[in-house]
Amino acid sequence: MRFPSRPAVIAATAVLILTSCGTGTDSGSGSITLTIAANSIQGGKNSESATWIKQWVIPEFEKTHQNVKVLFQPSGVDDEQYKTKIALDLKSKAGADVIDVDGIWVGEFAQAGYIKPLTDVGGPAVDQWEGWSQIPQAVQGLGIFDGKKYGLPQGTDGRVLFYNKTLFKKAGLPDTWEPTSWQDIIDAGNKLKTAGVPVPIQINAGTAMGEATTMQGVLPLLAGAGSEIYADGKWTGASQAVKDVLGFYQQIYGGSGLGDPKLQQEAKGRDKSFAQFAQGKIGILAESDYFWRSVVEPNAGVAPMKDRDQVVGYTRIPAKEPGGGIRGQDHVSMSGGAVRVLNPFSKNPKLAWELLAFMHSAAATKSQLAGQVRISSRTDVNSEVLTADPMLKYIADEVLPTTAYRPGLAVYPQVSTALQEATAAVVSGTSADEAASAYQAKLEGLVGGAANIGG
Amino acid sequence: MNTDAAGLGKGRAVAFVLPALALIAVFLVFPALWTIYLGLTDYRLTGLAAANPQVVGLDNYTGALEDPRFLTSLWLTILYVGGSAIIGQAGLGFTLAWILRARTGPVRRIVEGVVLLSWILPSTVVGFLWFALLDRDEGTLNALLHTPGFAWLLDYPLLSIIIFNVWRGTAFSMMLYAAALENVPPSHLETARLAGASVPQQLRDVVFPRIRRHILTNLLLISLWTFNDFTPFVLTGGGPEGRSEILPVYVYRVALRDGQLGVGAAISFLILLINLVFALAYLRLLRGQRRQQEVAAAGGPPA
Amino acid sequence: MIRHVLGRLTATLFIAVTLAFFTLPMLWLASAPFDDTPTITTSIPEFTLRNFAAILDNPYALGSIRNSLIQGGGAAALVVALAALAAYALSRVRVPGRDALLYLLLLLSSVVTGTAAMVPIFELATRLDLIDTHLGVILVVTGGLLPAAIFILKDFMDETPTSYEESARVFGASPLQILRHIVIPLVRPGLATIAVWALASVWGGFLFQFILLRDPEKAPGSVILYTLYTEGGAPRLELISTFSLLYSLPVVAMYLFVSQRYGFRFHGGIKR
């Protein structure tokens, strides 16, 4: 992809450029500039994280590095738009020195040559970093591709079933609910329905919810049916497990009245599911701990519930039957999380690593969590901070040991879309078998034939 | 027309056109040709194909033409352009221009102002306005009609975005036809009216022959713009299940969400070809009409 | 006579319905920013100005409107100047194949304004060192708007009579004098209309502005509007509605100014 006639183009537009103002705003008087990019912005999306970078990371780092100036390059848009921008930057060998990316992008970025293993960029200092011993192997996996470490994980999350205890009481269900099979979920849904709950169960489905359908719905269910989407170099096609998952969707959305099919189709369906849960219209909702931290959080949540701690219950997602999950588990979950990578084209790679390591030090991690408790990547910090929130402690202690991660390959987003389309088809009345074979056909086109698809 | 009345001369004329052409060459033709070239490769935003894209010839085109989702999207787009631009915007725009032509004063100013306002509001804002209007649970329209829970955007997604686009773009057609109607001498209309011609007859015999060129310009531009209109994405996201996934939304999904830039580029070029077909059809239609009229004129005045 | 009255009545009814149709969606913009707890339903607000205070707290909101003015105004000025010159020359001097060429450019502009062109556009801007500059945004969007602007203005110029130019020439005016004192005043409403059209087109644009700019201090309002969401993608309605209103005002103001001063229409001041 070479640019054919660079001098000619430059000449042609030179006039236009010369007549206008230049770009230079760098005040570089011999000092070094490092830039951090993240999909967060003050006053907008992920505001806390942007504030932390501006008001803690930058001043603290500059304190110990006198001649270094750190800049922050915020965004605050849809993930796929942010991803596009970062990819374009790295493609043209430009961009910030330390970059925030979703763990799921690491593989495709590495394949494209946009990022390099940390040791290749930051040098031997990377392997000697004190933090590695604090990050559990599974969480480190978020930044690993092909056995090499490309990024430092910032933290992780886990998926559970949230339920409304008030509605459960009304339906004669226990205050502490511990379903052990999919049938238990359906049974509870039926009781809720009898008790007049408008939407007994909300499991994200359809394409409008995007990745939320895959992460909150299909993949945890698939894990519960004993299968992963990508294992041993092969993708999972229309296997029995996939059919079971789609069958479960059919039980909820196929006219039983246990779920609201329309809600799955709406452009803002997920936001609405949050609002409806907060209003006491939804009995059971599968979500990540984000729901607890940022949605029903009593003060600053999107759909705040003043009585969250009393009303909102949470429980692990059961396998189809006890012992039927992946690795023979009784309960399953899925996890993701953001990582920070180094720009391989950084002019000051060693310093960039210092900055990156600094952002993942215990002190920095603690400072980032000051505003909002969530699961960081560091065990030392978690053991100190998470005691403040029993729900997040539950995730860390009970859910994360059984969790699984998505495959970080470039084709994954399309496979994910194919899965979403399969659930969408079921929601709008197609049979589970038909939806599964349509998915299989689509998958063959995506991953290069049936040879790359397992049973 | 077509006469160098000011004595510009070829040299100055070239100098006048050159700056625009230079900018267009660099910032339009060049990236457009590049995009068309990308359409012949398997280029992707990330992954192995990003590092080392291969020329795959017409694979992207055959792939798209075999993809039922593309064909559905193409059909939806044709309905969308036909319904919202050709019938909706041009029809409503002309009607408004026709009705308002004789009026002056506040009514005309207010109507024109409101219609124009919906044209110039930022598209980012407009999406929200319509979402607030049509939403299933809290939409203003359901509150007004006492139809709580009626899912306009889910049950009639295509119709919703068609009506939306009529609202959005009628202003341009209205202005263009208002200008065109100035070319129709009022005395001719008056004569036709006194001769007992009904409004449709007046339009057919007196008005349309004089504004044919404006109709052509109007249809060319609004079709092209509507073919490339991404704003409905804010309203329906292409859903539910692709039932309002017009081609620009399809391209967005393929190129940005799935990162398949090669395929997206190929489809962009297909959109260009379809626009070309539309343009040729308009030209033929309006030229054919002229010939008919010449024949009619040769055979004496119409009854 | 009866037919006339009926026709008049139908026309009035039609106008009333049209007015309602065009006004209805805009009501939300008038109510939600002043509402204490805005939802997406249009309702009589529980009046408050707190939302305006909140949006002013956003470090980028006001600056982004200034950036939009720079980028939109710059692009509008460039589009009008270049398109007017080109359209006049093309209208008055015979160039073989000019209509086909214009339409071809129009078609190509549809490719460039689509999502698929973002990599070529981005690479072009990178090589020309235009990333993260207002100028980069202005040039890129101008390139996309110019063909349509030339197309419309050429039509417009074709419509304006040449008799004034001819008589001025008879009296010995130079071509440039004719242009300045005769042609420009004659086509001014058209130029003003194109300026507003260009400004409005740039005003709502998101994708290219987003990928071409880095520093949020340079981001236009359309980009900042997209940041007023939470981590999970839930819109913050109190901020979005308020900012939408503030962000729409400059375009509306420009429209009002233009229509007062020059008239907002596609034809000249003098009929043939």
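Two strands are said to pair if DSSP finds at least two bridges between them. Please keep in mind that the model before you is predicted.

Let me start with strand β1 of chain A, residues 32–38. Which strands pair with β1(A), and in what sense? One partner is strand β2 of chain A, residues 68–74, joined to β1(A) in the parallel sense over 7 bridges. Within this pairing, T35(A) stands opposite L71(A) of β2(A). Another partner is strand β3 of chain A, residues 98–102, which also runs parallel to β1(A), here over 2 bridges. On that side, I36(A) stands opposite V98(A) of β3(A).

I now turn to another sheet in chain A. Four strands form an open sheet in the order β8-β11-β7-β12, and the pairing is mixed. Why does one side of β8(A) and of β12(A) lack a neighbour in the sheet? Strands β8 (199–202) and β12 (312–315) stand at the edges and have a single partner strand each, so one side of each remains without a neighbour. On average, neighbouring strands of this sheet are turned by 25 degrees against each other, direction ignored.

Strand β7, residues 159–164, and strand β11, residues 282–288, both of chain A, run antiparallel and are joined by 5 bridges. Here L161(A) stands opposite A286(A) of β11(A).

Two helices of chain A pack on this sheet. Helix α12, residues 269–278, touches β7, β8, β11 and β12, and its direction makes about 130 degrees with that of β11(A). Helix α18, residues 390–399, touches β7 and β12; its direction makes about 140 degrees with that of β7(A).

Finally, I come to the interface of chain B and chain C. The size of an interface is often given as the accessible area lost when the parts come together. Chain B and chain C bury about 9000 Å² between them, with 77% of it on carbon and sulfur atoms. In this interface, 98 residues of chain B are in contact with 98 residues of chain C. How many salt bridges cross the interface of chain B and chain C? The rule finds 1. D155(C) forms a salt bridge with R213(B), and the closest N and O atoms are 3.4 Å apart.

How values were computed: Residues numbered from 1 in each chain as written. Chains lettered and ligands numbered in written order. Predicted model: local features only at pLDDT ≥ 70, side-chain atom pairs only at ≥ 80, totals over all residues. Heavy atoms only, no water. Buried < 20%, exposed > 50% of the residue type's maximum accessible area, 1.4 Å probe, protein only. Axes fitted to C-alpha atoms, helices over the stretch in contact; angles between N-to-C directions. Contact = heavy atoms within 4.5 Å. Buried area = accessible area lost by both parts, 1.4 Å probe. Salt bridge = Lys/Arg side-chain N within 4 Å of Asp/Glu carboxyl O.
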